[in-house]
Amino acid sequence: MSKVTLYYFQAKAAVEGIRTLLAYGGQEFEDRRLEFGEEWLKFKPNTPLGTLPVLNIDGKEYATCLAISRYLGKKYGLIGDNDEEAFEIDQNVDYITDMRQRASTTYWERDEEIKKKQQEENAKLYPAMLDKINAMLEKNDGYIAAKKLTWADFHFAGMLDYLKVILQMPDLTDKYPAFKKIAERVYSIPKVKAWAATAPHTEL
Ligand SMILES: N[C@@H](CCC(=O)N[C@@H](CS)C(=O)NCC(=O)O)C(=O)O
């Protein structure tokens, strides 16, 4: 079996989906969670793009959340059955990413005035965006795309807790029960369930 190490920080964010994909694929891996301070600064210059996550497979490095997720999705038969389905997966993940990036920019903003302004703008946009994501799930029998389990479901399920925090919506899954259902679906897959039972707990 390949020697696999995933480098990220002590968080789920958009990377938990990669961890659950590896678990789904039955791939043993070292789950290296770096400290954001000195340890990261020492490590950073040796990464392909100066950012994490980095997945190392037998010495070859792979970077960025979605490219890695898609790559593993392909490896494990989770990219749909044809180009049309693969497109729908990418399209819907891109849409979710737009919302995630908007929310995380605001969440990590340090200037209180800018943050407040962004929060006001976001409050106008989030309901329609979340409704659209909910409609995706309804249209796809509870999956993100293609009416079947794909890497997009792992990506979304893995970052649901993170979304609650950055959207500042602890009641997100009360408002959108379908979001919880997709997470339950992914986390009830036996290999994912077994991995998650031993994984460190983090809030986001
Ligand atoms: N689009 C990239 C974003 C990578 C990124 O910005 N990662 C952050 C953590 S989520 C990081 O490495 N921050 C530390 C730094 O930039 O020094 C991806 O999907 O991986």
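User: What share of the 204 residues in the chain is buried?
Analyst: Buried residues make up 31% of them; a residue is buried if 20 or more other C-beta atoms, placed from the backbone, lie within 10 Å of its own. This is a predicted model, in which local features need pLDDT of at least 70 and side-chain atom pairs count only at pLDDT 80 or more, while totals for chains, interfaces and linings use all residues. Residues are numbered from 1 along each chain as its sequence is written.

User: Which elements does the chain have, and in what order?
Analyst: The chain has 10 helices and four strands, which are DSSP runs numbered from the N terminus (helices H or I, at least four residues; strands E, at least two). From the N terminus, the order is β-α-β-α-β-β-α-α-α-α-α-α-α-α.

User: Where does helix 5 bend?
Analyst: The bend is at leucine 125, by about 35°, and proline 127 follows within four residues. The bend is the angle between axes fitted to the seven residues ending there and the seven starting there.

User: And what comes just after helix 5?
Analyst: Aspartate 141 takes a positive phi of about 55° there.

User: Changing topic: which residues are around the ligand?
Analyst: They are Ala13, Lys44, Thr51, Leu52, Pro53, Thr64, Cys65 and Leu66, where near means a C-beta atom, placed from the backbone, within 6 Å.

User: What are the dimensions of the box that the C-alpha atoms fill?
Analyst: The box is roughly 45 × 40 × 30 Å, taken along the principal axes.

Terms used: A residue is buried if 20 or more other C-beta atoms lie within 10 Å of its own, exposed if 12 or fewer, and partly exposed in between; C-beta atoms are placed from the backbone.
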